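Welcome! Let us walk through this structure together, one stop at a time.

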Amino acid sequence: MAEAVEFGRKEDGTVVMKYTMQNGPLKVSVLNLGATICSVQVPDAKGQLGEICLGYDELKPYLDWTTNPYFGAVAGRCANRIAAGKFYLDGKQYQLATNNGPNHLHGGNIGFDKLLWTLEDSEATAITLKLISPDGDENYPGQVTARVHYSLPSSSTLRIQYEATTDAPTLVNLTNHSYWNLADGGISSVLDHEISLFADFYTPVDDTSIPTGEVRAVTGAMDLRQSVKIGKGIKEADNGLGYDHNYVLQGKFDPTSKLQAVAHVSHSGSGRWMTVKTDQPGVQFYTGNYLNGFPGRTGQGYEKHHGFCLETQCFPNAVNVNGAHFSNVVLRPGEVYRHHTEHEFGSG
């Protein structure tokens, strides 16, 4: 079984658990709060084990939105943004919380990231967490049963598999919101990391970060297909705010794994690299633009651009965009939502 320890207690006395899996040098810890990845440790080119994931060593900052911008959590029931928090489903309009300016973000005020998941299965290199989200939860219709299975199938691979069902038509779009920093887990900036992002198109956004409905060819700073430092074009991305865009993946699926390449990121100083693959159509590339000194696990602040996210997903606001060019996030009874993403780590 995965190592299980009490991580802390909420004000009402509820215990939050931490589960740690290990396969060779790869060590991953997950909280049942938000099914949150709170630590990923991998060796550098010299064989020294080090942290590469932003997070905390105590519970309190995870419970405070002002110090926890979804670090490592599963975002849902519908990840990313929904314009004005409104959508129509089978002729009925639903109004969700507008918790990100005028828009709905990552499932609302109390999304899947803030709920306690139940441990359903545990092995030395794998755990499964389960969540039942009742009908009307954050004003979404239907009761959803969601599972996330974290596993380490090799000494260099973190696999994340999601599954969900519903008893009534609803929206489901799950992702993991880990912030990565291959150098030191968030002490320094990631602008010197090099990235190749395998997308020929992206979805432009308006001034509230809602996709306009257009799918546009990548050019200039938005073209990351050839390896480039994250910091090279960041001042030109999104009017200088940085990257926070959904990229449309190329759809070149491996016939065996059924996954497609998302990105390859490397850091020359540590020698570490990470490759991401998924079966989803898009990925939100975010460069920690709104990190503002959140207290890191070392006591040093997580400042702007000290982490990056690669959130594999269906497209933001897809429920409000007509046309097959935007992915479907509607789940109906009898259907099973599935999502499979893998992170491979290496060095040298």
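A residue is called buried under 20% relative accessible area, exposed over 50% and partly exposed in between, using a 1.4 Å probe and protein chains only. This is a predicted model, in which local features need pLDDT of at least 70, side-chain atom pairs count only at pLDDT 80 or more, and totals for chains, interfaces and linings use all residues. Residues are numbered from 1 along each chain as its sequence is written, and side-chain values use heavy atoms, with hydrogens and water left out.

Our first stop is E51. Its relative accessibility is 16%, so E51 counts as buried. E51 belongs to strand β5, residues 49-51; strands are DSSP runs of E, at least two residues, numbered from the N terminus. The side chain of E51 makes a polar contact with that of S39 at 2.6 Å. Such a contact is a pair of N or O atoms within 3.5 Å; within protein, one must be able to donate a hydrogen and the other to accept it, and residues adjacent in sequence count only if both atoms are side-chain atoms.

Next comes a sheet. Its 9 strands form an open sheet in the order β11-β12-β13-β14-β29-β23-β22-β17-β20, with antiparallel pairing, where pairing takes at least two DSSP bridges between two strands. β11 (118-123) and β20 (228-229) are at the edges with a single partner strand each, so one side of each has no neighbour in the sheet. Further in, β13 (residues 144-154) and β14 (residues 157-166) pair antiparallel over 9 bridges. One detail to look for: S154 has T157 in β14 as its bridge partner.

Terms used
Helices (H or I, at least four residues) and strands (E, at least two) are DSSP runs, numbered from the N terminus.
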